[in-house]
Amino acid sequence: MPSPPRPLRPPPASVRGFLDAHFASPDDLAAAPALAELLRRECAGLDASLRRAEARLAAAAASWLARSAEARADLRRVRSRGVRVGAEDEGAEAARTVGLPALVREIQRIDTIRLYAEATLQLEGLVGNLEDVAFSIIRQAPKFNLSSILRKSNETKWKQGKLLHAVDAVRDIERELVRISTSRPQWTNLVMAVDSRVDKTLSILRPQALTDYRALLASLGWPPSLSSQDTENQIPNPLVLMNKENKERYSQSFQALCALQHVQGNRELRLCQTAEVTPALADLKYFNRTACFDNGLWAIDELVHPIASRMEYHFAKWSEQPEFIFTLVYKITKDFMDGVDDVLQPLIDQARLVGLSAKESWVTGMVKMLVGYLERQIFPALVCSYQDHATVGKPEVDSSWMHLNDVMISFDKRMQLLADSGIQKIVSLSEGLSRSLSAFSIYTEHPDWLQIWADVELSSAQDKLKSEMEDETNWSCSGQHDQFGHMENSMKFLLSTREDYKAPPVCEFVIKTALSMVERGRALPNRGMQIQYNRSSSVRFLNDFFLVLRERCEALQLSNTALEDQSLSKTSCAINAARYCENVLREWDEDTTFLDMGPQGSLFTDEISFLVKLGTNYLEQILSSVLLEFEDLSWEYVQNIGSWSGQTILDDQTLDEENAGVSPGFVASLDVLTDRTTKLKRYLNSKDFLDLWRSVAEGLDYFIYSSIRWGEVSFSDPGAIQLRVDTKALLHIFRPFCSRPEAFLPFLSESLKLLTMKKSDAQCLLEMLMDDMKSDNCLKHQGLHHVNASQAAKILSSRKFCG
C-alpha cells in the first residue's frame, strides 16, 4: 500500500503576507504571469548586485593580500640585508597602515553615538512617562459615575495607584542613570539634563502627594482635640479608632508616601556618591539604606504638623516657664506612642523599611516641632536679653539660660527612653543623642547661641570658684605627719585621690565643676559641637584656675638663702594641686568621651603641658633654695675640710669613730636640712618628695665632693674619721626615706672608702692606678663606679698615714 504523501510545510508569514496582498480575489490570478516575470527580473537584479559585491570584495582582498605580501617581502629584505629602511620607505609604509587604526576609531565613534542615542531615547521615554503620570495626578481625576462616597474612595485609590506608578518610573530612571554613571561617566550632560527634569517633576509631585495625605488625615479626624479637663487621661487617637475601610485607605496613602520618600532618598544617595565628595560630606548619613529617613518620615511628620499648631497656643502662655512646654510635648508624645506603634509600625514593615522604627520617627517629629518653636520664639528672646546685659551682666538672664538647657537635657533623656522602649538598641550617651532626636540640635544652625551657653556656664562656674578661693581653708593641704621611722617602701606612690596627692580642697571643687560642665556638653548631638562647647567652657575654666596656681607660686618669691615655713607650705600645696589636676586630665584623655576632641586626639594637651611645667619649675626652685641655704650655712666648714690633719692626737680615743662628734661648723647646716626635709615630706605628695630628696642628696654630694681640694689637702687618720662621722650624720637625715642613702651620695661614699683603706692597700691601689691598662678594672674590683682613676689617685694622694 503506497504511503500517503508527506504534508507540505506551511509557508513563512512573509510569504503568506505577500500572496494575500497580490491575490486578494480570484480575479487577481490573471496577473500571475506578469507577477512571475517581475519577480524573475528582481531576482536577476539582486544576483547581479551580489556578483558585483563579490567582485569588489575579491578585489579588496587581493589588494590587501598584495599589500601584505609586499610588506612581508620588505621585512625579509630588511632582515637579510641588515640595512635601515629609509625615511621614504617608512612614510610609504605608514601611509599604507595608518588607515586601519583610523577606521577602528571611526567605528568606535559611530558605535558610541549609537549607544548615546539609544540611552537618550530610553531615558526620554522613562522621563516622559514620569511627567505624564505626575501631571495626570495634578489634573482633576477622572469622573466616576458613582455615589460621592464611592467616588471619593475610588478617586483616592486612583491617585495612589498613579503615585506608585510614578515611584516605579523614578526607580527605572535611577537604575538607568546608575548604569550610565558607572559605565559612561563622561556622559555627565545627559545625566544632568535628566536629573533636572526629574527634580522639577518631583518638586510638583511631592507637594501634591502631601496635600492628598493631609486631606485624608483631616477626613479621619486628625488632629484630635488637645483640650482635656483631666490631664491624667490619654487623648483619644483617631488612628486607632479607624474602621476597616479607612484603615485600608490610610495604609495605601502612607505606603505610597513612604515609597516616594525612599526613591528621593536614593537619588540623593546617588548624587552624593557620584559627586566629588569632600571630607565634610563623607560623614553624611546618606550612606546607608534608610538614610533618607534619618530626619523623620514625611508621613509621620504630617501627623505632627497639625498637632503643633494647636500646641503652640499653650506654648505662648509659658514663655517664662519653659519646663511646662517640654512637659506638654512629652505628654502628647507619650499619649500617642502606643497607637503610633500599633498602627504605623506594621505599615513600615510592609514597606520593607528595615530598621526603621515608628516610635523613633514619631519622637523625632515631635522633637523637630519643639525645636522649631524654640528657634522662633524662646531663644531669640533669651539672646536679646543676654546681649542687652552683656557688659554689666544679669544673674536672672544667666539663670534662664542654664535652666532652659537643664530642662532640655532632662527632656532629651526622657524622649530617648520613649523612642527606645521595646527596641533592642544600645545608646551611648557619651556620643550624645542623634541629631534628629535631640533638642540641642537647635545649636547646629546657631553656633553663636552655643557660644552664649558656654559663656554663661563659664561665668557661673567662675563666680562659684571665686567664692571658694576666697576661703583660705580651701587652700590648706592635708599633709600627713610622718615620723622618721618610715622607710621608702612604706610610702604610697600609686596616687589617685586628692588626699593621695595632698592637694587642697579647692582642687576637688574645680574638678567636679569642670566635669559637670563636660557632662552637660555631652547632650550635644555631634562631636564638633561638643568640642566648641568644651573649649569655651570647661577648658577655659580649668585654664583660669591653673593661672591662679601659678600666680600664687610667683607671689611667694622663694628666697635663695632662706625658706620660710609659710612659703614652703603654700608652694608645696600649689605643686600638689598641679599634680592632682594633671593626673585627672590624663585620666579624662583616656576616656572615650574625650577621644578625637583636640590635636593629637587630646582635648587637654596644652593644659597638661602647662601643669607639668608648673610643677617641675617650682620643684626646681625648692631644690635650688634648699641647696643654696645649705651651701651658705656650711661654706666655712667645707672650705676647712682637710685642715684637721694638723691636729695633735692626745688620746687614742680620738681615733674612735663612736666617740667622735659632728664638726661644730657642720651642725647648723645639718639641723636646717633636717627641718626642711621633714617639712617637705609633710607638705609634698610622695612622688614629688621622692624626686626632691634624691635630687637634694645628689646636689649635696656634688657640692661637698667638688669643694674639697683633693691633692692639696692631707687627711690624717683623725681627719678621715672626722669626715666619715660628718658624712654619716648627713646620711642619717635621708635614712628615713631610704635604707641605703649612700647610693645617692656616691662620690662622698667612695671618697671615704678610699680614705679609710689600709696603708698597704692604698699604696698598692695607687700603683695600679698609674697603669692605664689596669686602672678601670682595679676600681671596679674595689666596688668604685663613680670616681675615675684620676680622681681616685688624687683622693689617695691626699691621705696622710701615721707612722
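## Overall architecture

Among contacts in the protein chain between residues at least 6 apart in sequence, what percentage join residues at least 24 apart? The share is 80%, where a contact means heavy atoms within 4.5 Å. The model is a predicted one, in which local features need pLDDT of at least 70 and side-chain atom pairs count only at pLDDT 80 or more, while totals for chains, interfaces and linings use all residues. Residues are numbered from 1 along each chain as its sequence is written, and side-chain values use heavy atoms, with hydrogens and water left out.

The protein chain contains 26 helices and zero strands; these elements are DSSP runs numbered from the N terminus, with helices being H or I of at least four residues and strands being E of at least two. Of the 803 residues in the protein chain, 42% are buried, where buried means under 20% relative accessible area, exposed means over 50%, and partly exposed lies in between (1.4 Å probe, protein chains only).

## Surface

The accessible surface of the protein chain amounts to about 43,900 Å², and carbon and sulfur atoms account for 54% of it. Accessible areas come from the Shrake-Rupley method with a 1.4 Å probe, and for residues only the protein chains shown count as cover.

A nonpolar surface patch is formed by Leu100, Leu103, Val104 and Ile107, which together have about 370 Å² of accessible area; Ile107 lies in helix α4 (residues 99–138). Patches are made of residues with over 30% relative accessible area and no salt bridge, with like charges joined within 9 Å and nonpolar side chains (Val, Leu, Ile, Met, Phe, Trp, Tyr) within 5 Å.

## Salt bridges

Side chains of opposite charge can pair when their charged atoms come close. A search of the whole structure finds 35 salt bridges, each defined as a side-chain nitrogen of Lys or Arg within 4 Å of a carboxyl oxygen of Asp or Glu. One of them joins the side chains of Lys368 and Asp301, at 3.1 Å from N to O. Because Lys368 lies in helix α11 (residues 358–388) and Asp301 in helix α8 (residues 298–315), this pair ties together parts that are 67 residues apart in sequence. Lys368 is partly exposed, with a relative accessible area of 35%, whereas Asp301 is buried, at 10%.

Glu508 forms a salt bridge with Arg498, the closest N and O atoms lying 2.8 Å apart. This pair links distant parts of the chain, ten residues apart, with Glu508 in helix α15 (residues 505–521) and Arg498 in helix α14 (residues 498–501). Glu508 is partly exposed at 26% relative accessibility, while Arg498, at 13%, counts as buried. In another salt bridge the side chains of Glu712 and Arg709 meet at 3.6 Å, N to O; here Glu712 is exposed, with a relative accessible area of 63%, and Arg709 is partly exposed at 37%. Elsewhere, salt bridges that share partners join Glu174, Asp195, Asp199, Arg267 and Arg270 into one network.

## Cysteines

A disulfide is a covalent bond between the sulfur atoms of two cysteines. With the criterion of a pair of cysteine sulfur atoms within 2.5 Å, the count comes to zero disulfides. Cys507 is in no disulfide, the nearest cysteine sulfur being that of Cys581, 4.4 Å away, and Cys507 is buried at 0% relative accessibility.

For Cys553, the closest cysteine sulfur is in Cys573, and the separation of 9.3 Å is too far for a bond. Cys553 is also buried, with a relative accessible area of 3%.
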